[in-house]
Amino acid sequence: MPDSLAPPSGPQSGKVWLVGAGPGDPDLLTLRAARLVGRAGVLVHDGLVDPRILAMAPAGARLVSVAKRASRHTMPQDAINALLIAEARAGREVVRLKGGDPFVFGRGGEELEACRAAGIAVEVVPGISAALGAAAAAQLPLTHRDAASVVSFVAGQCRGLSGQNWAGLAGVGRTLVIYMGVANAAAIAEKLIADGLAPDTPLALVENAARPEMRVLRGALAELDDLVANQRVHAPAVIIIGAVTAREDGAVEELAEMAW
Ligand code: SAH
C-alpha cells in the first residue's frame, strides 16, 4: 500500500470528517453527509446546522455544539481543533458538521490543517453553500447568459471589511454574493458605491434560505441599509448584488409573499 493510503496513526485512532450540512433543508445534504450523520459517534456542529439534520444522528451519538455565529463564539477555533483531535485520538469517528460547505467561510481549512498536523486521518465532504442554496430556493440564477458570467463570494462581517478589495467584483455582467453581511449593511453599500457601483444596482436579500421561514427581499444598493432595518433582516442571510436579481420579478415577488 503506498504511504499516502496508509492510516496516518495507529489502528486505534479514529478519524475526522469535515462535513457540509448545506443551508438547512435536510434534503439538501449529500448522500455521503447523510450516511455519516446517521452513523456518527461524536457529532461536533456549529450554530448554523438545522435541528432537523441533528435529529438524524443515532440515538447514542454525542452531540457537541460549538455554536459559532457572528459575535457569539462559544468556543475558540483552537479549542475546536483540539477537541476534534482529542476525540479522534480516543479512537472515535468524529463528524464535524458545518452549515453550507466546510471550505466556504467555514474555517474548514484550519481544522483540516490542525488534523493533518496532528497525524489524524481527515476527509472533507462538500455541502451546498449558502449562495447556491439561496439562489436555488429564491429562483435567482447566479449566472445567466443575459445578465452575469462572473460570480464572487465575499465575507461582509465588520472585522477587516475596509481592508478588503472588492473592486470589480460587482457591476455589469457580474454577481456578488455577500455572506455575513446583514449586520454591516450600511458600510457594505457605502463601500460598493465608493468603488463605483451605481446606487440603483439591484439586489436581493435571502434570509434563512432553504428553511421554512425563508424570506426573499429585493431592493437597490442605496436602500440596502433601510431594507435590512425596516424588514428586520437577521442572520443567516446572503446579499446577492447584480442584474440577475432583477429578472423574473413576478416569480421572486411571489416567493417573497409565500414566505411572509
Ligand atoms: N460555510 C457556510 C458559510 C458560513 S458563514 C456556507 O458555505 O454556506 C455564515 C454565513 O453564511 C451567514 O452569515 C449567511 O450569510 C450565510 N448563510 C448560511 N446559511 C444560510 C441560509 N440558510 N440562508 C442564508 N444565508 C445563509
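**Ground rules**

I am working on a predicted model, in which local features need pLDDT of at least 70 and side-chain atom pairs count only at pLDDT 80 or more, while totals for chains, interfaces and linings use all residues. I number residues from 1 along each chain as its sequence is written, and side-chain values use heavy atoms, with hydrogens and water left out.

**Whole protein**

I find eight helices and 10 strands. These are DSSP runs numbered from the N terminus (helices H or I, at least four residues; strands E, at least two). Of the 260 residues, 46% are buried. I noted an accessible surface of about 12600 Å², with 54% of it belonging to carbon and sulfur atoms; the areas come from the Shrake-Rupley method with a 1.4 Å probe, and for residues only the protein chains shown count as cover. I then took contacts (heavy atoms within 4.5 Å) between residues at least 6 apart in sequence, and 67% of them join residues at least 24 apart.

**Helix α4**

I listed the buried residues of α4, which spans residues 108-117: Gly-108, Glu-111, Leu-112, Ala-114 and Cys-115. They lie on the same side of α4 because they cover an arc of only 165 degrees around the axis. The arc is taken from the directions from the helix axis to the C-beta atoms. On the face turned away from that buried side I find the exposed residues Glu-113, Arg-116 and Ala-117. The cover over the buried residues includes β1 (15-20), α3 (77-89), β4 (93-98) and β5 (121-125). Gly-119 follows α4 and has a positive phi, near 75 degrees.

**Salt bridges**

I count a salt bridge when a side-chain nitrogen of Lys or Arg is within 4 Å of a carboxyl oxygen of Asp or Glu. The structure holds 10 of them.

Arg-92 pairs with Glu-87 at 2.7 Å, N to O. Glu-87 is buried, with a relative accessible area of 8%.

Which residue forms a salt bridge with Glu-111? It is Lys-98, with the closest N and O atoms 3.1 Å apart. Glu-111 belongs to helix α4 and Lys-98 to strand β4, so this pair ties together parts that are 13 residues apart in sequence. I checked burial as well, and both Glu-111 and Lys-98 are buried.

Arg-107 and Glu-110 meet at 2.8 Å, N to O, in another salt bridge. Both ends are partly exposed: Arg-107 has 33% relative accessibility, and Glu-110 has a relative accessible area of 31%. I also noted one network, in which salt bridges with shared partners join Lys-15, Arg-32 and Glu-123.

**Aromatic rings**

I find two aromatic pairs in the structure. Rings of Phe, Tyr and Trp (its six-membered ring) pair if their centres lie within 6.5 Å; planes under 30 degrees apart count as stacked, over 60 as edge-to-face and the rest as tilted. Ring pairs link Phe-105, Phe-153 and Tyr-179 into a cluster.

I looked for charges over rings too, taking NZ of Lys or CZ of Arg within 6 Å of the ring centre and within 35 degrees of the ring normal. The charged end of Arg-39 sits over the ring of Trp-17, 5.2 Å from its centre. Lys-191 lies over the face of Trp-166, at 5.3 Å from the ring centre.

**Val-150**

Val-150 is in strand β6, residues 148-155, and is partly exposed at 30% relative accessibility. Leaving out residues up to four places away in sequence, I find that Val-150 touches Gly-173, Arg-174 and Thr-175. Val-150 and Arg-174 are 24 residues apart in sequence and 4.8 Å apart in space, C-alpha to C-alpha.

Asn-208 is not a glycine, yet has a positive phi of about 50 degrees; Asn-208 is buried at 11% relative accessibility. Ala-210 lies in the loop between β8 and β9, with a positive phi near 60 degrees and 15% relative accessibility, which counts as buried.

My last entry is a cis peptide bond between Ala-235 and Pro-236, with omega about 0 degrees. Pro-236 lies in the loop between α7 (224-230) and β10 (237-241).

Terms used
Buried means under 20% relative accessible area, exposed over 50%, partly exposed in between (1.4 Å probe, protein chains only).
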